[in-house]
Amino acid sequence: MIPILNPADIKKIENIINLNSKEKKLQKKAVKGVVNILTKLNPSKLIIVVGAGLNGEDGLLIGNKLEKESSINEIEYFHSINSNSKSNNLNLAKKLRIDLNEINKYKIKNKKGNIIILDCILGISGKLPMRPEVSKNLKFINNLALKLDAKIISLDLPSGFDPNTGLHDKNTLNSSHIIFLGYQTIGTLKDPSLFTSTSHIDLGIKEQDIKKQGINYTQAIDFNLVKKIFPKRKDNLYKGKFGSHLIIGGSDQYPGAPILSSKSSNISGTGHTSISTSSSLLKEIINETPEVTNFKFDISKNLDDSLSAFTSISIGVGLGVNEESTKKIKDLMYYLSNTNNKHNIILDADALNVLSGIENWWKKFKTPTLITPHIGEYEKLFNIKKSDISLESIKTVSKNTNLSILLKGANTIITTPGGIQKINTLANGGMSKPGMGDVLTGVIGSLASNSSINVEDAAIIATYVHSQSGLLAKEKYGSTSMTASNVISFIPQVFKILE
């Protein structure tokens with residue numbers, strides 16, 4: 001579990017757990033986790049820079065453990081501790097027989113090899129304005145990393161980053177990787193571009209540990225969370241047991257959207273994907289995804305029997321905003337208001353644009369419904385200013401409308417009417433491309449067609465799969481050139497890892 005909290009609450013929880021324990025269990029898990037990561041990276045030289053606080057103590061213990069257990073040949077220790085700071089870590093260094101020198105006195109000797117600078121200076125204790133002497137040391141470390149061609153890896157946060165506000169000092173360390181020790185701070189959501197390469201070390205914090213303190217929190221979406229809610233596919237079932245997903249979308253203006261959505265749906269576990277679109281697009285869609293079938297959505301006919309087979313219905317990808325699309329949306333609303341059939345509903349793209357012009361439209365969706373707007377669509381849907389959008393305000397909207405909300409952005413935020421909130425914190429600039437939302441909707445609808453997955457869990461799993469597939473596409477093609485089709489090609493690989 002990776003809770004997202006403010007630093008004061010993190011310290012409160014840790015103090016309670018440490019008071020109830022005779023040994024520093026949290027720190028031992030943190031040290032062991034970081035040692036495992038660094039051992040795998042196997043640097044030719046490791047430069048550990050510590051501060052005066054707990055982050056620095058962790059750094060000294062990590063180095064000491066690595067010296068005993070790893071094959072890293074050269075480990076050097078430096079500090080950024082001024083005369084006014086606590087001397088605990090200076091004393092710990094003496095106890096561990098570690099030669100600890102001031103970082104600004106570092107003398108460059110060997111530039112060759114895989115050099116890593118481990119930042120253990122501030123962590124969640126950093127706050128702005130930064131003390132001038134600390135900022136000066138951060139500048140020195142950044143320049144040192146350039147001269148050595150070294151990578152900076154930070155514990156908890158890059159030193160210079162304010163964990164509460166998300167703002168940062170002009171000399172904040174240019175970390176290539178962040179190791180989150182048990183938590184993420186709320187400030188990391190402010191500028192996710194700083195956290196595109198991260199690792200999480202689970203310290204064993206339980207949900208009840210947080211709730212006992214009456215602390216509000218949200219949770220980062222990670223592998224362990226998704227693995228827990230992703231059901232294993234049994235070998236003795238037939239396709240009908242995995243549900244059916246109907247996609248209503250596509251138009252002459254956006255012919256590719258239903259192709260992308262049907263492709264991603266088809267490889268994300270549903271027993272059957274069907275598409276309802278204009279006849280002019282059908283041939284091209286079938287050519288691209290021959291497994292899908294055609295469904296004619298005609299409200300003038302009795303749809304109860306024919307639609308009963310679809311356990312999930314998504315509408316909006318490439319639909320366009322016109323009289324025809326408005327009629328389709330209103331027809332679906334009429335059907336859902338009068339049927340006893342059960343469906344998971346996903347509303348995306350132009351469906352949201354059409355609905356934004358209909359007052360209290362959400363009252364017509366009595367079945368479990370997920371909306372997937374980006375910020376602009378969200379503002380329009382609920383007549384809310386961007387500056388007024390916050391984690392708490394999203395919870396309020398979700399509760400008042402009884403809608404599950406997947407708010408797309410660098411941080412994708414999933415919120416349920418019951419107040420549960422999950423966030424994908426891995427930003428990827430390569431995902432800001434045409435068709436990415438169509439791919440995501442296809443994956444969500446496919447997962448939501450499975451009777452053992454509710455629409456909220458479908459959104460969480462799909463967001464993770466979509467994000468991880470995007471990272472793989474970025475790794476192969478680069479942020480500039482990767483496409484939505486590239487992302488689809490990596491979806492099976494991510495599902496295989498989850499299985």
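**Exercise 1.** Determine how the lining of the largest pocket divides by class.

*Solution.* The lining has 16 nonpolar, 15 polar and 9 charged residues. Here Ala, Val, Leu, Ile, Met, Phe, Trp, Tyr, Cys and Pro count as nonpolar, Asp, Glu, Lys and Arg as charged, and the others, Gly among them, as polar. The model is predicted: local features need pLDDT of at least 70 and side-chain atom pairs pLDDT 80 or more, while totals for chains, interfaces and linings use all residues. Residues are numbered from 1 along each chain as its sequence is written, and side-chain values use heavy atoms, without hydrogens and water.

**Exercise 2.** Identify the helix that supplies the largest share of this lining.

*Solution.* Helices are DSSP runs (H or I, at least four residues), as are strands (E, at least two), numbered from the N terminus. Several elements each supply at least two lining residues, including α2 (25-41) and β7 (177-181). The largest share, 5 residues, comes from α1.

**Exercise 3.** Decide whether the faces of strand β2 are buried or exposed.

*Solution.* Buried means under 20% relative accessible area and exposed over 50%, with partly exposed in between (1.4 Å probe, protein chains only). In β2 (residues 45-50), 6 of 6 residues are buried. K45, I47 and V49 cover one side, and L46, I48 and V50 the other; all are buried.

**Exercise 4.** Find the strands that pair with β2.

*Solution.* Two strands pair if DSSP finds at least two bridges between them. β3 (residues 74-79) pairs with β2 in the parallel sense over 6 bridges, and V50 stands opposite H79. β5 (residues 115-120) also pairs with β2 in the parallel sense over 6 bridges, with V49 opposite D119.
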